[in-house]
Structure formats: structure tokens, C-alpha cells
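Where does this protein leave space inside its fold, and what lines that space? The report below takes the pocket, the cavity and the core in turn.

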Amino acid sequence: MTFDLTALKADNLARWQRAGLTRDFSAVARRLAASKTRYQGVSARTGVPWHVIAVIHERECSQSWTASLAQGDRWDRVSVHVPVGRGPFKSWEDAAVDALINCAPHAARWKDWSIGGTLTLLEQYNGLGYFRRGVPSPYIWAGTDQYRSGKYVRDGVYDPDAVDKQLGCAGLLLAMKALDSSTFPSTASVPSVPPRSAATPSPRPSITNPAKGSIGDLVAGLVRTVILTFKRS
């Protein structure tokens, strides 16, 4: 099933702009930011921003370096959870690259890394079941005032009273942004419009350059005619 994600992007952007933290994200945010260089290595191979890789790593396996971004299974073995059959890999980095390029939602193909776009990609990573229900996804909003309760406790089973105990991606990004300004773009990725070149101003009318149709222009024309006649004679 496919969805028009425009509405979800707008909704996520609006929530981001008014979101406040209801839990302490600082310790986890510092831990993720401390591994920035390692995440940047995967970012260089996939095009996915380092902070997006970091929060996926936290949500999927509590930043375990022995587990894959794809589903939290060990990367040095063949995965048994969805997506199944991935690996084994030689390193955490190789498993991360495979997860971002070859596994849904194929984050490496995503182009909109604005705030709304990033949060929408992350929501797809967990699934759009909450979007279909018209409720905020705890994968994104847990730990903020945009989320109170509601969680898929297992595949296809939604409990409106269950509360996600993990920290959500949006709160993690807000806390990381406070530590490192490169955590998130300050504005949406909108192509800039090149400025129009200024038109060359027309010279002001003068004795040597009279305005067209003026008396000066008529006199100047008569003078040019007399001079031309004189030269021919």
C-alpha cells in the first residue's frame, strides 16, 4: 500500500515546531553525539545524514555496536527477524550500509532531509500503522508532549493504553541539536532562486543625448543633416 506522504511531512513539521520534552534525553543524546565520526563514515557511503543513522541505531538496538540497524539482530550472523536473511557482515559499518541501501524503507534513496522529511522517513522505518490511525507515532514522539499513549505491542496488534518506554527520534534529535548544530538543517531543503540581474539603467537625457521625440532631438537631427550635407559638398 502506498501513501501520499505530503500530509505526514506537514504534520511532523508542525509537531516538531511545538514539541517539548517530557523525559530526560541528555545522556543518550551525548552518547550518540560522541559517536558522530563513526556515523559520518556510514553517511559518506549512503548519503543518509549522520544524526539520522544515530537515532535509528538507538531505536533499533540501543546503540549496540554488535547489532544491525536493519532489525537489531547480530550483524555477524544471518538475520532471523525482518528483514530476514541479511548478513553475515564483516563490520557494523557494512551492515549499516546494507540496511540503509538495500532494506526498506531504503533510506539512502530518500531526498528530503528537511525536518518534516527526516521525521517522515524515520516514521516509515518503523511503519505507517500510526499514520493510518491518525495518531502520533511513539517511534518519533515518545518522550515529548506530542505523545501520551498508544503502541503496537506486536505485529498488527495496537494497544491504545500501552506507553512506549523508549525515547523517540524527535526528542533525540532535539537534544542532539542542542549539543551539535550540525544535527539538523535549520531550514527545509528548498532550491534557491538565483537573483535576477539588475537591468542596465538608461542614460539620462542631456544635450548630447536628448530624449527621443523631444525638441532637442529634432534640433539634433537638423544639425546632423546640415553636417552631412556639408561633408558631401
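Ala, Val, Leu, Ile, Met, Phe, Trp, Tyr, Cys and Pro count here as nonpolar, Asp, Glu, Lys and Arg as charged, and the others, Gly among them, as polar. The model is predicted.

**Pocket.** The largest pocket has a volume of about 900 Å³. Its lining takes in 28 residues. Nearest the centre lie Glu60, Tyr125, Asn126, Gly127 and Asp155. Two or more lining residues come from each of α4 (50-61), α6 (115-126), α7 (129-133), α8 (138-141) and β1 (151-154). β1 gives the most, with four residues. By class, the pocket lining holds 13 nonpolar, eight polar and seven charged residues.

**Cavity.** The count comes to one cavity of 30 Å³ or more. Residues lining the largest cavity include Arg74, Arg77, Arg86 and Asp98, along with Trp75 and Phe89.

| Space | Volume | Lining by class |
|---|---|---|
| Largest pocket | about 900 Å³ | 13 nonpolar, eight polar, seven charged |
| Largest cavity | about 40 Å³ | three nonpolar, three polar, four charged |

**Core.** The largest nonpolar core has 49 residues. Which of them touch the most other members? They are Leu69, Leu119 and Leu122. The elements that give this core two or more residues are α1 (6-18), α2 (26-34), α3 (36-46), α4, α5 (92-102), α6, α8 and α9 (169-179).

Beyond its neighbours within four places in sequence, Leu69 is in contact with Ile53, Ile56, His57, Glu60, Trp92, Ala96, Ala99, Leu100 and Tyr125. Among these partners, Glu60 and Tyr125 also belong to the residues nearest the centre of the largest pocket.

Notes: Residues are numbered from 1 along each chain as its sequence is written. This is a predicted model: local features need pLDDT of at least 70, side-chain atom pairs count only at pLDDT 80 or more; totals for chains, interfaces and linings use all residues. Side-chain values use heavy atoms; hydrogens and water are left out. On a 1 Å grid over the protein atoms alone, a cavity is a set of points where a 1.4 Å probe fits but cannot get out, and a pocket is an open set with protein on both sides within 12 Å along at least five of seven lines; lining residues have an atom within 4 Å of a point. Grid points are joined across faces, edges and corners, and a volume is the space filled by probe spheres set on the points. A nonpolar core is a set of buried Ala, Val, Leu, Ile, Met, Phe, Trp, Tyr and Cys residues joined through side-chain atoms within 4.5 Å. Buried means under 20% relative accessible area, exposed over 50%, partly exposed in between (1.4 Å probe, protein chains only). Contact means heavy atoms within 4.5 Å.
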